[in-house]
Amino acid sequence: MSTPDNTARHILHKTTTKLPSIRKNYDFVAFKKKPGWHFVDFPCHYVCEEHAASVTVHFTTNASDIVGANAVFFSTGPFTLEEWEALQYYRNPGQIWIFATQEPASIVPDFLPPKVYRYNTYNWSFTFHSTSDIHGAYGWYTPYTQPPSTLHPLNWHKEKPKLAAWVSSRHCEGLGWNRTQFVIDLGKFIPIDTYGKCGNTTLRKNAAIAREQFKIYKFHLSLENSCCSEYLSEKVWNAFENWESVPIVIGGTKQEYERLAPPHSFIHADDFGSMKELADYIRKVSEDEHLYNEYFDWRNKGYVKQQSFEFRFPVFRQGVCKVVDRMEKIKREDNDMFDPYGPDWFGSCYRCGEHSWIRNYTVWWRRTIFAQDWEDNRILHWMDNETKQAVNSLSAKRLSQHKTV
């Protein structure tokens with residue numbers, strides 16, 4: 001007869017997975033800590049089973065600590081010119097520098113290198129954009145190869161008694177554009193319940209509670225903090241997957257939503273000539289059962305899937321192993337280069353709408369005024385002439401004040 005201790009040992013022996021023999025060891029460095037990484041205990045030690053690789057990730061703010069590392073991640077700033085020069089000095093031959101962020105280009109200019117280092121800083125990118133060397137999309141839509149036989153049509157209109165909701169707790173004042181004021185103004189035409197620090201109703205940080213709370217709304221305002229190519233964040237994927245509602249979107253272009261999101265699943269604000277036209281259409285859809293339910297037809301044709309943050313950041317095992325996978329499968333070339341100023345990144349941002357009523361909410365020029373003269377060349381080439389003039393005027397004023405001190 002087995003004793004409890006013997007039984008426990010037997011179960012442990014049967015359920016313990018044997019790790020592969022380690023063939024390679026990698027050493028990565030995260031230079032400067034991104035806000036939100038406070039729950040990561042550095043150094044981190046991971047095993048990437050597919051390649052039998054052991055990985056250690058260190059965190060540092062000292063340029064000299066990157067010596068000997070296989071790869072260095074950059075995810076936050078700001079950096080001084082002296083830091084950039086020190087980093088270049090201590091860089092190993094063959095060391096891979098990775099530009100890693102889940103934020104849009106227009107709001108994270110603080111770890112762009114000065115233009116003198118534009119073409120010899122980053123080798124790879126790890127972002128949400130499909131052109132990234134390591135792709136970390138927030139979510140995606142996949143058509144069924146064969147629709148499940150168990151699907152049943154639902155009357156989504158009947159399931160959702162309330163009209164519209166907006167939830168946000170960051171960047172309330174606006175970054176690329178003033179989305180809080182947009183919600184306030186739209187709320188003059190239709191009822192909108194607002195949640196989070198930017199709204200008037202608090203909600204516990206619990207996914208299950210949020211899911212039940214938000215499923216009663218027909219529409220969600222899925223408003224991105226900036227308008228940059230393919231920036232479809234958790235706001236729109238939550239609406240699809242967790243809250244099962246129709247998102248009203250401003251962020252990417254309509255063509256990008258049509259390419260990345262489920263078909264006929266969203267309302268793009270820039271389709272309308274005024275805020276009143278947008279509000280009238282929302283009300284029309286909300287009052288027409290057939291019209292509203294058409295926005296859910298895609299659920300019989302495919303499904304959406306969000307990607308958790310562990311796969312979108314290079315300091316967690318899943319993200320680290322994505323980097324290892326690329327290092328193992330793709331031969332590193334000396335001319336590997338990611339241009340953060342190029343058309344796939346900083347050049348991929350634009351106005352949040354072509355209609356003037358949306359463009360009136362733009363505040364992006366505030367993000368282009370920097371503290372140091374060497375950064376002034378970061379003024380974005382996609383700004384219209386009026387915005388460029390405003391930026392240049394403010395820059396000249398700041399420089400004049402600096403000279404008189």
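Cysteine 228 is joined to cysteine 349 by a disulfide, with an S to S distance of 2.1 Å. The model is a predicted one, and by the distance rule applied to cysteine sulfur atoms the count comes to three disulfides.

**Disulfide of cysteine 228 and cysteine 349**
- The torsion about this S-S bond is about 95 degrees, so the disulfide is right-handed.
- Because cysteine 228 lies in the loop between E11 and H6, and cysteine 349 in the loop between H10 and H11, the pair ties together parts that are 121 residues apart in sequence.
- Cysteine 228 and cysteine 349 are both buried.

**Disulfide of cysteine 227 and cysteine 352**
- The sulfur atoms of cysteine 227 and cysteine 352 are 2.1 Å apart and form a disulfide, which is right-handed because its S-S torsion is about 110 degrees.
- Cysteine 227 counts as buried at 3% relative accessibility, and cysteine 352 counts as buried at 6%.

**Disulfide of cysteine 48 and cysteine 321**
- A disulfide with an S to S distance of 2.1 Å joins cysteine 48 to cysteine 321, and its torsion of about -95 degrees makes it left-handed.
- Cysteine 48 belongs to strand E2 (residues 44-48) and cysteine 321 to helix H10 (residues 317-329), so that distant parts of the chain, 273 residues apart, are linked.

**Tyrosine 138**
- Tyrosine 138, in the loop between strand E7 (134-135) and strand E8 (139-143), is buried, with a relative accessible area of 8%.
- The side chain of tyrosine 138 reaches the backbone oxygen of glutamine 102 at 2.6 Å, and the residues in contact with tyrosine 138 include Phe128, Trp237 and Arg312.

Conventions
Residues are numbered from 1 along each chain as its sequence is written. This is a predicted model: local features need pLDDT of at least 70, side-chain atom pairs count only at pLDDT 80 or more; totals for chains, interfaces and linings use all residues. Side-chain values use heavy atoms; hydrogens and water are left out. Helices (H or I, at least four residues) and strands (E, at least two) are DSSP runs, numbered from the N terminus. Buried means under 20% relative accessible area, exposed over 50%, partly exposed in between (1.4 Å probe, protein chains only). Contact means heavy atoms within 4.5 Å. A polar contact is a pair of N or O atoms within 3.5 Å; within protein, one must be able to donate a hydrogen and the other to accept it, and residues adjacent in sequence count only if both atoms are side-chain atoms. A disulfide is a pair of cysteine sulfur atoms within 2.5 Å. Lists of a residue's contacts leave out its neighbours within four places in sequence.
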